[in-house]
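Q: Please take a close look at one part of this structure with me. Keep it brisk.

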Amino acid sequence: MPIDRDKALTADPSVREIRWSTRDVLLYHLSLGAGADPATGPELPLTYERSLTVLPTFALVAGSGISSGETAEPGLHLPGIDVDLRALLHAGQGLRVHRPLPASGTATLRSRVAGVWDKGRAALVVLESTATGPDGQALWTTTTRVWARGEGGFSQDPGPEDERVTPPDRPADIVLTSVTAPQQALWYRLNGDLNPLHADPAFARAAGFDRPILHGLASYGLVGKALVDGVLDGDVTRLTGLDARFAGPLVPGESLTTSVWRTGPAGEGTERLVLHTACPERDGAPVLTHATATVVAS
């Protein structure tokens, strides 16, 4: 079905109630490798319900995990937009955390199409969602960029130029390493994204990959965890924002190297970090680019 831009942009926001439990949070942390490194021990704040803190990037899967029951067929099905799964590519992700996430809870999630841009051979769809707690206060806001291949040609408007984030011309202040396991994508799927691209070799080959690849949001979450561990002294509440573009795939079993540059204040009491994440097993091929994090200054 062709994209109807006006219909997509003027549609009422979708509203749904979501819930999550400590088991959803524990599974999410384990799917990012929490407790797997003998050198760091069991990481009880991330792996034990009696002392559980929540990685901010859990917001991206809240309401989609084991507590949600069976999930809908994957794809992009919105007013004015109905795109087959095989045409979709998760192009980028933004997150703003307004307050620390509870280890279990409920929220009202309001989602809307914030932008639809014609890129010629593809469409760029920008989705924005805000979760509000039972007290009426915002918990988090996400911005998701989806590339829909073959869906361009519906307008003459390519949209604004993308903001380009360039690392400073100096060595990184910190370099972080994240290791993945061969079964990492199979674990991460249990957070709710059951796209067969991450499990089925035949589907992956049909999509142009030699084998199943890791979810972009898994790489994103691994970087978020690395920042908490390696920059923020393990304090999950200090990571308040993370934005990145997905530049290349990662195969489970490969690793990530994230270079971090401190670039100064981002606002009252916060600091801006510029990030670049690459895969050393593939000669430094980029995985996350144009990436920034906002953290509470120490």
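Is strand E6 (residues 122-132) largely enclosed by the rest of the structure or open, and why?

A: Strand E6 is largely enclosed by the rest of the structure, because nine of its 11 residues are buried. Buried means under 20% relative accessible area, with exposed over 50% and partly exposed in between (1.4 Å probe, protein chains only). A word on the source: this is a predicted model, where local features need pLDDT of at least 70, side-chain atom pairs count only at pLDDT 80 or more, and totals for chains, interfaces and linings use all residues. Residues are numbered from 1 along each chain as its sequence is written, and side-chain values use heavy atoms, leaving out hydrogens and water.

Now the neighbours. Strands are DSSP runs of E, at least two residues long, numbered from the N terminus; helices are runs of H or I, at least four. Two strands pair if DSSP finds at least two bridges between them.

On one side, E6 pairs with strand E5 (residues 105-118) in the antiparallel sense, over 10 bridges. Here Leu127 of E6 is the bridge partner of Val113. Three residues lie between the strands of this hairpin, and Gly120 takes a positive phi near 90°.

E6 also runs antiparallel to strand E7 (residues 138-149), joined by 11 bridges. Ser129 has Thr142 of E7 as its bridge partner. This hairpin has five residues between its strands, and Gly136 in the turn has a positive phi of about 85°.

Last, the setting. The chain holds six helices and 12 strands. Of its 298 residues, 46% count as buried.
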